[in-house]
Amino acid sequence: MSEAYVVELATQLMWTAAMLAAPILLTTLLVGLAVSLFQGLTSLQDQTLSFVPKIIAVGIALVISANWMVQNLVNFTRNSFELLPGMLG
């Protein structure tokens with residue numbers, strides 16, 4: 001097993017994980033920032049006010065980006081299986 005194949009697979013794994021997490025993390029970041037700004041301006045300090053909009057936004061982001069995420073996972077799996085014979089030989 002060559003180190004180049006392992007490094008290539010690990011690099012693809014990290015990029016795929018970062019790409020799949022990015023829409024959810026960015027959505028949570030933006031909604032959290034907006035809610036925090038709203039809470040700061042109105043002096044509301046209710047914990048559910050910051051939690052519920054994030055959950056709703058993440059659900060919407062998952063519905064919108066689910067097809068793209070599945071396609072990326074399928075491409076990563078296909079590429080991993082294409083690298084497999086080179087690792088074994």
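Is Gln12 buried or exposed? In this predicted model, in which local features need pLDDT of at least 70, side-chain atom pairs count only at pLDDT 80 or more, and totals for chains, interfaces and linings use all residues, Gln12 is buried, with a relative accessible area of 19%. Buried means under 20% relative accessible area, exposed over 50%, and partly exposed in between, with a 1.4 Å probe and protein chains only. Residues are numbered from 1 along each chain as its sequence is written, and side-chain values use heavy atoms, with hydrogens and water left out.

The chain contains 2 helices and 0 strands. Helices (H or I, at least four residues) and strands (E, at least two) are DSSP runs, numbered from the N terminus. The chain is more spread out than a compact globule, because its radius of gyration is 19 Å, well over the 12 Å that the globule rule gives for 89 residues. The radius of gyration is taken over C-alpha atoms, and the globule rule is 2.2 Å times the number of residues to the power 0.38. Along the principal axes, the C-alpha trace spans about 65 × 25 × 15 Å. Of the 89 residues in the chain, 20% are buried.

Helices α1 and α2 pack at an angle of about 175°, and their axes are 10 Å apart. This makes α1 roughly antiparallel to α2. Axes are lines fitted to C-alpha atoms, for helices over the stretch in contact, and angles run from 0 to 180 degrees between N-to-C directions. Angles under 35 degrees count as roughly parallel, over 145 as roughly antiparallel, 65 to 115 as roughly perpendicular and the rest as oblique. The contact of α1 with α2 has 23 nonpolar, 12 polar and 2 charged residues. Among contacts between residues at least 6 apart in sequence, 72% join residues at least 24 apart, where contact means heavy atoms within 4.5 Å.

Individual residues illustrate the arrangement. Gln12 is in helix α1 and touches Phe76, Asn79 and Leu83, when residues up to four places away in sequence are not counted. Ala61 is placed in helix α2 and is buried, with a relative accessible area of 10%. With residues up to four places away in sequence again left out, Ala61 touches Ile24 and Thr27. Ala21, in helix α1, is partly exposed at a relative accessible area of 30%. The C-alpha atoms of Ala21 and Val70 are separated by 12 Å, although these residues are 49 apart along the chain.

Other pairs concern separations along the chain. Leu13 lies in helix α1 and is partly exposed, with a relative accessible area of 44%. The C-alpha atoms of Leu13 and Gly32, 19 residues apart along the chain, are 28 Å from each other. For Ala61 and Phe81, 20 residues apart along the chain, the C-alpha separation is 29 Å.

The loop between α1 (3-42) and α2 (47-88) includes Ser43. Ser43 has a positive phi of about 60° although it is not a glycine. Ser43 is exposed, with a relative accessible area of 59%.

Terms used. Nonpolar A, V, L, I, M, F, W, Y, C, P; charged D, E, K, R; others polar.
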